[in-house]
Amino acid sequence: MIGYVPGTSPLHRAHPYTTLALAGAVLLGAFALTRPLEVWLLVAAAAAFAAAGGVLRSSARTALLLSLPIWALLFVLHGLLGADPRTTVGPLSLSVPGMARALVLGGRITAIVLGFLTALATTSPHRLVEAMTARGVPFGRTFLLASTLTVLPRMRERAAQILEAQQCRGLRLGGSVLARLRALGPLALPLVLGALAEVDEQVLALDARGAASAARRTALDPPPDSRAQRLVRVALLVLVVAAYGWKFWKMRG
Amino acid sequence: MTALVALERVGFTYPGAARAALSDVSLELAAGEVLVVTGETGAGASTLLLVATGFAPRVVGGRLTGGRRIAARRCGVVFARPWTQLTGLCSTVQDEIAFGPASYGLPRQAVLDASARAMRELRVEHLAGREPSQLSGGELQRVVVAAALALDPEVLALDDPAAELDPEAADALYDVLPAIAASGKAVVVATPDLERAARVATRAVKLEGGRIATSGAPAAVLEGTEPSLLARAAGCPPPWPLDVPALVGRVRR
Amino acid sequence: MTLRDLVLIRLGVAVNLVIGQIVAALLLPVYLDSVGTILVAALVGPRAAIVAGLLSQVLNAVLSGNFSWLPFAVVQVVIALYAAAAARLGAFRRLATAVPAGVGMGFVAASCSAPISYFLFGGVTAGGVTLVTTVLRALGAPLGVAVASASYSTDLLDKAIACGLVCLVLRSLPRTLAARFPALAR
């Protein structure tokens with residue numbers, strides 16, 4: 001659902017920086033647009049982005065599922081409980097500005113989620129790390145981004161193991177809020193302390209393999225970039241700046 | 001033949017520790033040998049490895065006294081737990097092994113050659129495209145050793161490398177050590193596994209309370225345990241089992 | 001930034017993302033998604049804690065699909081700075097000082113997140129907080145008040161528990177392990 005989906009679309013073959021720039025432009029642009037029509041044009045653009053990646057169906061479905069609770073809350077918070085003037089649709093009395101606001105806010109979130117799901121689906125973490133290494137991004141940044149994702153499943157597993165072990169020792173998960181709060185200690189402390197105890201060994205292992213070397217790391221399989229893609233990234237930046245410029249100009253005038 | 005590492009009356013204390021972890025230790029490491037360091041838990045075997053390879057106090061802090069000369073260009077280190085030694089950045093075994101040379105900025109072909117050579121030595125070529133997190137403990141530990149060897153260290157230190165491995169995997173790991181030493185490296189292994197150690201050691205050192213208690217030929221240092229004396233008395237041929245489980249295994253046969 | 005700092009930041013991020021699992025199993029009305037950030041602030045310092053907080057926010061958004069959380073990254077920076085200052089003042093040495101420090105942190109964090117929630121999202125960010133906001137609004141409170149009250153009440157509790165937990169972790173560190181963190185000695 002969420003994550004890399006292998007494929008051969010133009011987005012898959014594009015340099016990871018380009019797909020991320022597109023998603024970033026959608027994110028930043030969403031907050032610059034304030035009218036329902038503008039926001040929904042952006043949603044359409046995000047959908048086109050997803051189609052270019054060959055992931056429109058899956059991304060749209062996931063985006064809808066993820067934004068459903070938000071839409072529901074928006075409807076209640078702004079549609080039903082919004083300010084006057086109101087209009088009646090069937091048995092419901094809806095606030096007109098509230099519904100407009102709900103459309104803008106909901107559209108924003110839908111566009112952002114769609115944009116990022118597409119970027120995630122078409123960028124393999126490995127390719128992104130190689131792209132960053134080829135660009136000379138310092139080891140620290142690639143390390144934090146990529147290795148945290150690798151470390152997570154093991155830590156989750158350990159958390160589950162600690163949960164089981166403590167339950168065998170008689171820890172009860174139910175009861176009053178205070179009792180459950182007290183159960184937090186025996187569950188969280190071993191997890192954190194165990195991870196801290198491994199730090200020295202991890203640092204030694206990394207150091208021994210040259211992670212602290214000042215040399216520029218060799219990228220073994222860098223994704224190809226092109227002038228056209230670089231131009232696209234610059235153009236996106238210009239678009240976003242223009243959108244914010246227009247927004248603030250409208251606010252002034 | 002000059003020693004790769006020379007320690008003269010070296011002492012070492014970890015930060016915040018009340019006692020010294022090592023006292024008055026004098027030791028030399030030469031190419032082509034497999035030195036086994038043994039002792040009870042807390043006797044200082046792991047610390048000796050870190051001090052001999054230069055990782056203590058540089059990476060772990062602490063205070064070093066005495067004379068230490070490391071002529072080796074580079075030292076590698078392998079620990080007991082395979083999973084904590086993965087970089088987390090690499091999606092394939094080949095990338096994991098290539099990480100070391102790539103970190104030093106070696107040209108692409110040199111990196112690939114170094115990893116190919118290391119994989120051949122540890123007989124893990126068939127695992128090249130696999131994901132590290134999917135390997136068994138034994139396979140992963142061999143990958144970790146290969147990753148350390150890819151940097152062509154002159155000294156390879158292994159701290160209880162078979163602790164978490166099943167017997168076949170442990171045997172496979174120890175069997176590789178003499179060949180590594182024969183290629184011109186100094187191999188030093190800290191381990192409580194006296195039987196396997198005796199099979200591969202060219203020299204042995206026993207630590208007690210941070211000091212060297214005995215050192216010399218493996219037979220002299222690692223022997224003298226009751227099971228081995230019993231086995232000799234019973235007329236078993238060498239190598240004599242050094243601990244009770246090994247004795248039981250031999251007697252059954 | 002040393003290798004050690006990087007490994008600790010990674011630990012902090014992992015803790016941030018995984019403690020939520022434990023909290024869900026206990027059905028507690030908090031997120032505790034800043035425990036790692038606060039821990040890194042106490043063990044290393046503000047810069048590392050800021051990186052940990054920002055990265056946690058990004059990964060959280062990426063892994064859960066809730067990308068609208070990205071603008072709240074600013075709040076993580078604020079939490080990191082506050083935690084580092086609190087650690088410097090010795091607030092994490094005893095529970096009696098850690099929990100009130102957490103309440104203060106919750107106040108500061110909510111003061112940052114409430115405006116973001118209100119102006120960028122109209123109060124809707126799809127979490128337990130939004131439910132509280134909706135209920136308050138339905139009871140007649142103006143939107144701004146509802147958003148603020150929901151933010152403050154959840155954040156005060158959340159950060160108080162988080163700081164208490166970090167205090168317990170630091171006190172449980174074996175002496176030799178604690179000696180490896182010079183920031184603790186200060």
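Me: Where does Arg9(B) sit in chain B?
Reply: Arg9(B) is part of strand β1, which covers residues 5-13 of chain B. Keep in mind that this is a predicted model.

Me: And what is phi doing at Arg9(B)?
Reply: Phi there is near 50°, a positive value in a residue that isn't glycine. Most residues other than glycine have a negative phi.

Me: Is Arg9(B) buried or exposed?
Reply: Arg9(B) counts as exposed because its relative accessibility is 55%, and the cut-off for exposed is over 50%.

Me: Okay, what about phi at Asp152(B)?
Reply: Asp152(B) also has a positive phi, near 55°. This residue belongs to the loop between α4 (137-149) and β6 (155-159) of chain B. With a relative accessible area of 33%, Asp152(B) is partly exposed.

Me: Which residues does the cis peptide bond join?
Reply: Ala56(B) and Pro57(B), with omega at about 0°. Pro57(B) falls in the loop between α1 (45-52) and β4 (63-70) of chain B. In general, most peptide bonds are trans.

Me: Let's zoom out a bit. How many helices and strands are there in chain B?
Reply: Chain B has 9 helices and 9 strands. Of its 253 residues, 53% are buried. If you take contacts in chain B between residues at least 6 apart in sequence, 65% of them join residues at least 24 apart.

Me: Now Thr38(B): buried or exposed?
Reply: Thr38(B) is buried, because its relative accessible area is 6%, and buried means under 20%. This threonine lies in strand β3 (residues 34-39) of chain B.

Me: What does the side chain of Thr38(B) have by it in the way of polar atoms?
Reply: A polar atom of that side chain is 3.1 Å from the backbone oxygen of Thr191(B). Beyond neighbours within four places in sequence, the contacts of Thr38(B) include Pro192(B), Leu194(B), Val205(B) and Leu222(B).

Me: New topic, chains A and C. How many residues are in contact there?
Reply: 59 residues of chain A are in contact with 60 of chain C. About 5200 Å² is buried between chain A and chain C, and carbon and sulfur atoms give 82% of that area.

Me: How many salt bridges across the interface of chain A and chain C?
Reply: The rule finds 2. In one salt bridge, the side chain of Asp200(A) meets that of Arg4(C) at 3.5 Å, N to O. There are also 5 residue pairs in polar contact between chain A and chain C, both residues being at pLDDT 80 or more.

Me: Which elements of chain A give two or more residues to the side that touches chain C?
Reply: They are α2 (16-32), α4 (56-80), α5 (96-122), α7 (139-168) and α8 (177-208) of chain A. The largest share, 20 residues, comes from α8(A). By type, that side of chain A divides into 47 nonpolar, 6 polar and 6 charged residues.

Me: Last one: which residues touch the most other members in the largest nonpolar core?
Reply: That core has 155 residues, and the ones touching the most other members are Leu196(A), Val155(B), Leu32(C), Ile38(C) and Phe92(C). Helix α1 (residues 3-26) of chain C gives the most to this core, with 15 residues.

Me: And what does Leu32(C) touch?
Reply: Leaving out residues up to four places away in sequence, Leu32(C) touches several residues, among them Leu184(A), Ile19(C), Val23(C) and Ile161(C). There's also a second, separate core of 36 residues, which includes Leu127(B), Ala128(B), Leu149(B) and Ala162(B).

Terms used:
Residues are numbered from 1 along each chain as its sequence is written. Chains are lettered from A and ligands numbered from 1 in the order in which they are written. This is a predicted model: local features need pLDDT of at least 70, side-chain atom pairs count only at pLDDT 80 or more; totals for chains, interfaces and linings use all residues. Side-chain values use heavy atoms; hydrogens and water are left out. Contact means heavy atoms within 4.5 Å. Buried area is the accessible area (1.4 Å probe) that two parts lose on being put together, summed over both. A salt bridge is a side-chain nitrogen of Lys or Arg within 4 Å of a carboxyl oxygen of Asp or Glu. A polar contact is a pair of N or O atoms within 3.5 Å; within protein, one must be able to donate a hydrogen and the other to accept it, and residues adjacent in sequence count only if both atoms are side-chain atoms. Helices (H or I, at least four residues) and strands (E, at least two) are DSSP runs, numbered from the N terminus. Ala, Val, Leu, Ile, Met, Phe, Trp, Tyr, Cys and Pro count as nonpolar, Asp, Glu, Lys and Arg as charged, and the others, Gly among them, as polar. Buried means under 20% relative accessible area, exposed over 50%, partly exposed in between (1.4 Å probe, protein chains only). A nonpolar core is a set of buried Ala, Val, Leu, Ile, Met, Phe, Trp, Tyr and Cys residues joined through side-chain atoms within 4.5 Å.
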